[in-house]
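Look at the model below with its strands in mind. The text then walks through the sheet, the crossover and the hairpin.

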Amino acid sequence: IYVLNVEQLTIHDNNQLLQFVKKNLETKENMEILFILNKVDSVDNEKEGDMNSIVMHAVRFLEDNGFKSPKVIPVSSYAAVLFNEVIAGHQLSRLETNKFRAAYELFKDESFNMEKYAIIDERDKKRTVEVEEKEYLVSDLQAAIKNTGIPLVEHIIENMMIAYKKKGIESNKKVQRRVKR
């Protein structure tokens with residue numbers, strides 16, 4: 001896995017490190033590399049083009065550095081961290097809250113679903129597993145898992161844990177106030 005910063009894609013250090021990685025990959029048979037294009041939420045789509053053109057720019061940059069048909073997945077790791085912090089019931093700072101709101105507005109829209117812009121091999125999309133000489137698409141199995149009801153149970157338990165954690169924190173504050181008196 002190689003993480004690219006969309007804000008600093010073509011800097012000289014990146015070129016040097018990519019050449020080093022490419023040289024080392026050539027000595028390893030069947031070794032693949034996945035490029036993560038991070039900080040896509042920092043791109044101004046109105047000024048810098050749509051997400052597809054930004055991803056394709058990264059693909060051309062990698063091809064210019066000798067990587068044939070690179071797998072590129074655009075992401076916003078910071079937005080994911082903020083969303084997970086909120087889900088876990090953690091308190092955000094004022095700055096984090098503002099960034100959370102902006103990221104939420106951006107990523108709640110299906111048109112900004114990064115999976116749609118990922119450049120990956122069709123084999124990755126059509127990966128299968130075999131059970132008693134019959135092949136099943138992993139994507140179909142993942143859809144089937146949703147239909148079992150277990151993801152809903154996991155979601156409800158997660159919500160209960162968050163609520164319990166909040167109540168526990170509130171109870172701790174009451175105990176601390178009593179101890180201070």
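Two strands pair if DSSP finds at least two bridges between them. Helices (H or I, at least four residues) and strands (E, at least two) are DSSP runs, numbered from the N terminus. This is a predicted model: local features need pLDDT of at least 70, side-chain atom pairs count only at pLDDT 80 or more, and totals for chains, interfaces and linings use all residues. Residues are numbered from 1 along each chain as its sequence is written, and side-chain values use heavy atoms, with hydrogens and water left out.

Three strands form it in the order 1-2-3, with parallel pairing. Strand 1 (2-5) and strand 3 (71-74) stand at the edges. Each has a single partner strand, so one side of each lacks a neighbour in the sheet.

Now follow the pairings. Four bridges join strand 1 to strand 2 (residues 34-38). Tyrosine 2 has phenylalanine 35 as its bridge partner, and asparagine 5 has asparagine 38. From strand 1 the chain crosses through helix 1 to strand 2, and this β-α-β crossover is right-handed (with the strands pointing away from the viewer, the path from the first strand over the helix to the second runs clockwise). Strand 2 is also joined to strand 3 by four bridges. There, leucine 37 stands opposite proline 74.

Finally, the hairpin. Strand 4 (residues 128-131) and strand 5 (residues 134-137) run antiparallel, joined by four bridges. Valine 131 stands opposite lysine 134. Two residues lie between the strands, and glutamate 132 takes a positive phi near 45 degrees.
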